[in-house]
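Student: I have a model open and would like to understand the terms used to describe it. Could we go through them together?

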Amino acid sequence: MTVILNQSFTGISIGAVLLLIALGLTLTFGQMGVINMAHGEFIMAGAYTTYVLQKSISSAGISLLVALPLAFLVAGAMGALLEWLLIRRLYTRPLDTLLVTWGVSLMLQQLARDVFGAPNVQTHAPDLLTGNMSVAGVTLANNRLFILGLALLCALTLTLILRLTPLGRRIRAVVQNRDLAEVSGIATERVDRTTFFIGSGLAGVAGVALTLVGPIGPTMGTNYIVDAFLVVVVGGVAQLKGSVITAFALGVLQSVLEYSTTVSVAKVIVLVAIVAFLQWRPQGLYTLRTRSLV
Amino acid sequence: MLEINSVQAGYDRTTVLHDVTVSVPEDGVAAVLGHNGAGKSTLLRVAMGLLKPKSGTILLNGEDITSLAPNQRVARGMAYVPQGQQSFPHLTTAENLQLVADGRPDGSKAMVEALDLFPVLRELSSRRAGLLSGGQRQQLAIARALITRPRLLLLDEPTEGIQPSVVAEIEETILALSRRGGLSVLLVEQHVGFAMRAGQQYYVLEAGRVTSSGAGGVGSEQTVRAALSV
């Protein structure tokens with residue numbers, strides 16, 4: 001029983017990381033339909049923001065707390081700049097968007113190598129997050145619990161913004177019918193930029209969280225980008241709850257399979273399961289039904 | 001109020017409108033009639049800024065708005081109800097209206113007034129717009145346009161594909177709004193009777209050209225029918 005609970009917690013913590021890295025994509029890819037291959041580099045920017053802050057703030061706890069909003073702003077600004085410079089000209093050309101953003105991701109990786117060097121760097125986690133706690137015989141790593149809480153907080157905040165605020169209504173309206181939004185008085189270009197800012201900013205927050213579980217390097221984003229896209233596609237694009245459920249389901253599946261096989265075999269089985277699932281349900285886990293096509 | 005002068009417009013290399021001139025009188029209704037493919041909807045898309053004309057100008061109260069974006073035209077008092085009962089299908093009825101009311105000083109009041117015009121929308125406020133009937137969606141579309149408190153309303157076939165009882169309600173609302181004053185309307189309509197009852201001015205479009213125009217009113221109905229049957 002303890003083994004099952006331990007593996008379940010490991011799965012949930014993997015799911016929390018998946019959710020955090022995929023949240024930004026639920027906006028930029030799920031809502032706007034932009035295949036942004038540089039999303040992983042916004043994760044990297046968030047991680048390096050944490051690293052730079054730790055050099056100037058000695059307290060690891062304070063630097064982590066400052067890093068969360070600052071990484072959101074840094075990665076968000078990078079995303080808004082990318083949208084303004086390139087992506088807004090390519091909204092009707094998804095394949096070009098993919099190629100262009102892939103090029104941008106390579107440039108950003110090289111920039112990180114030039115500034116911080118090619119080897120990976122490390123940050124120090126606050127003392128509070130370095131230990132473990134034991135609940136009913138299950139060992140819970142504090143850093144994993146922190147990431148779980150952060151992922152759920154970000155998902156909840158994003159849900160509330162999309163559902164209850166004027167900005168959320170505008171974002172959803174522009175996604176559903178751009179022309180109608182424009183003739184309803186909404187400045188759609190500004191909404192696009194804001195959406196991209198928030199989506200990219202969330203990648204920055206994910207970057208901060210990832211410094212607690214691994215090293216920081218120029219290619220760290222590429223390690224996560226495929227998983228992030230998988231979560232959004234399987235969850236059903238334009239559906240945040242689909243991404244939440246998928247992230248945790250994939251995390252637990254991965255963890256259970258890793259226990260009974262190996263890491264590589266588990267990864268292969270998860271990917272095969274995803275392919276089979278998408279054959280059966282290409283639209284993903286959740287879709288929205290309407291009475292007509294409009 | 002609105003002057004569309006010598007406009008030529010189309011899609012890619014295809015020209016749909018050829019040297020079209022249409023004007024909407026202050027506090028009046030101009031009706032544009034024509035068969036399918038005549039260019040009526042394209043004319044409204046050009047007027048609203050969704051399609052840039054290849055040549056010609058569009059003046060709103062004397063101001064050249066040809067190069068303005070649609071949302072800038074809305075800020076200057078224009079509103080548009082496109083063809084096909086369009087809505088934001090995954091937003092609720094209330095959200096469809098609130099979206100437009102957001103950020104407007106009198107948005108809440110305008111929303112209440114719009115709901116008073118179409119009370120059925122109040123009962124459906126929590127239902128997603130994509131689940132409404134065609135008639136309900138058209139009422140929602142008109143209500144959404146009215147929340148911006150427009151001085152000029154562009155209506156693209158507001159009664160198309162809607163059951164007769166709802167058509168009568170929509171027609172009555174549009175006629176009442178135009179009679180109330182303070183609102184000019186550019187109405188694209190295939191239903192000649194309604195168009196001529198509403199319009200003080202009419203234009204017949206054929207293959208992207210204005211082939212007939214004149215004073216509206218029920219008395220002109222036969223003239224328009226004759227022009228349309230050519």
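Student: Which residues in helix 2 of chain A meet helix 8 of chain A?

Tutor: H39(A), F42(A), I43(A), M44(A), A45(A), G46(A), A47(A), T49(A) and T50(A) in helix 2 meet S200(A), A203(A), G204(A), V205(A), A206(A), G207(A), V208(A) and L210(A) in helix 8. Contact means that C-beta atoms, placed from the backbone, lie within 7 Å. Helices (H or I, at least four residues) and strands (E, at least two) are DSSP runs, numbered from the N terminus. This is a predicted model, where local features need pLDDT of at least 70, side-chain atom pairs count only at pLDDT 80 or more, and totals for chains, interfaces and linings use all residues. Residues are numbered from 1 along each chain as its sequence is written, while chains are lettered from A and ligands numbered from 1 in the order in which they are written.

Student: Why are helix 2 of chain A and helix 8 of chain A called oblique?

Tutor: They pack at an angle of about 50°, with their axes 6 Å apart. Angles under 35 degrees count as roughly parallel, over 145 as roughly antiparallel, 65 to 115 as roughly perpendicular and the rest as oblique. Helix 2 and helix 8 of chain A are therefore oblique to each other.

Student: What is the make-up of this contact by class?

Tutor: The contact of helix 2 with helix 8 of chain A has ten nonpolar, seven polar and no charged residues. Here Ala, Val, Leu, Ile, Met, Phe, Trp, Tyr, Cys and Pro count as nonpolar, Asp, Glu, Lys and Arg as charged, and the others, Gly among them, as polar.

Student: What makes strand 6 and strand 7 of chain B a pair?

Tutor: Two strands pair if DSSP finds at least two bridges between them. Strand 6 and strand 7 (residues 152–156) of chain B have four, in the parallel sense, so they qualify. In one of these bridges, Y80(B) partners L154(B).

Student: How confident is the predictor in chain A?

Tutor: On the pLDDT scale, the predictor's confidence in each residue from 0 to 100, chain A has a mean of 89, and 97% of its residues reach 70 or more. Over residues 290–294 of chain A, however, pLDDT stays under 50.

Technical notes:
Two residues are in contact if their C-beta atoms, placed from the backbone, lie within 7 Å. Axes are lines fitted to C-alpha atoms, for helices over the stretch in contact, and angles run from 0 to 180 degrees between N-to-C directions.
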